[in-house]
Amino acid sequence: MFKKIAFASLVTSAIALLCAAVNAQQYPVMDRIADKVIQKYQQSTCEQLWQERANKGKTPVPPMEQKALEMLKADPQMRAVFINKVAAPIANKMFECGMIP
């Protein structure tokens with residue numbers, strides 16, 4: 001019984017890793033952008049994030065960021081992969097900073 005459970009767990013883990021690898025290879029540019037977004041949130045202090053939120057709309061969006069947003073708007077599948085990758089780290093940081101309940 002233990003061998004069956006261990007084998008099923010191993011197969012499930014292998015499938016999850018394969019799916020993650022396929023998604024990463026499918027959108028390499030998006031993957032790098034997502035990594036930068038995650039890194040930004042992980043390295044920013046709560047004060048920096050609050051200040052950025054207060055200044056939202058007052059500063060122009062950089063051209064590269066605008067291009068990335070257009071790319072995500074145009075491709076729903078890529079957008080889903082992006083959101084699945086960045087959602088948890090961003091939500092965790094926002095929760096830690098009191099930006100979401």
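**Helix α5 and the packing around it**

Helix α5 is followed by Gly98, a residue whose phi is positive, near 75°. The structure is a predicted model, in which local features need pLDDT of at least 70 and side-chain atom pairs count only at pLDDT 80 or more, while totals for chains, interfaces and linings use all residues. Residues are numbered from 1 along each chain as its sequence is written, and side-chain values use heavy atoms, with hydrogens and water left out.

The secondary structure of the chain comes to five helices and zero strands, where helices (H or I, at least four residues) and strands (E, at least two) are DSSP runs numbered from the N terminus. Read from the N terminus on, the order of the elements is α-α-α-α-α. Of the 101 residues in the chain, 19% are buried, a term that stands for under 20% relative accessible area, with exposed meaning over 50% and partly exposed the range in between (1.4 Å probe, protein chains only). The chain exposes about 7,900 Å², of which carbon and sulfur atoms supply 65%; these areas come from the Shrake-Rupley method with a 1.4 Å probe. Among contacts (heavy atoms within 4.5 Å) between residues at least 6 apart in sequence, 79% join residues at least 24 apart.

Helix α5 covers residues 76-96, and its 21 residues should span 30 Å at 1.5 Å a residue, which agrees with the 29 Å that separates its end C-alpha atoms; the expected span is 1.5 Å times one less than the number of residues. At the start of α5, a side-chain oxygen of Asp75 comes to within 3.2 Å of the backbone nitrogen of Gln77. Further along, α5 bends by about 40° at Val86, and a proline, Pro89, follows within four residues, the bend being the angle between axes fitted to the seven residues ending at a residue and the seven starting there. The buried residues of α5 are Met78, Val81, Phe82, Val86, Ile90, Lys93 and Met94.

Leaving aside neighbours within four places in sequence, Met30 is in contact with Leu72, Met78, Val81 and Phe82.

Met71 counts as partly exposed because its relative accessibility is 29%, and, with neighbours within four places in sequence set aside, Met71 is in contact with Val29, Ile33 and Met78. The C-alpha atoms of Met71 and Met30 are separated by 8.9 Å, although these residues are 41 residues apart along the chain. Glu65, at 45% relative accessibility, also counts as partly exposed; Glu65 and Ile33 are 32 residues apart in sequence and 9.2 Å apart in space, C-alpha to C-alpha.

The loop between α2 and α3 (46-54) holds Ser44, which counts as buried because its relative accessibility is 12%. The side chain of Ser44 reaches the backbone oxygen of Lys40 at 2.6 Å, and, residues up to four places away in sequence not being counted, Ser44 touches Leu49 and Lys93, the latter one of the buried residues of α5.

Note on methods:
A polar contact is a pair of N or O atoms within 3.5 Å; within protein, one must be able to donate a hydrogen and the other to accept it, and residues adjacent in sequence count only if both atoms are side-chain atoms.
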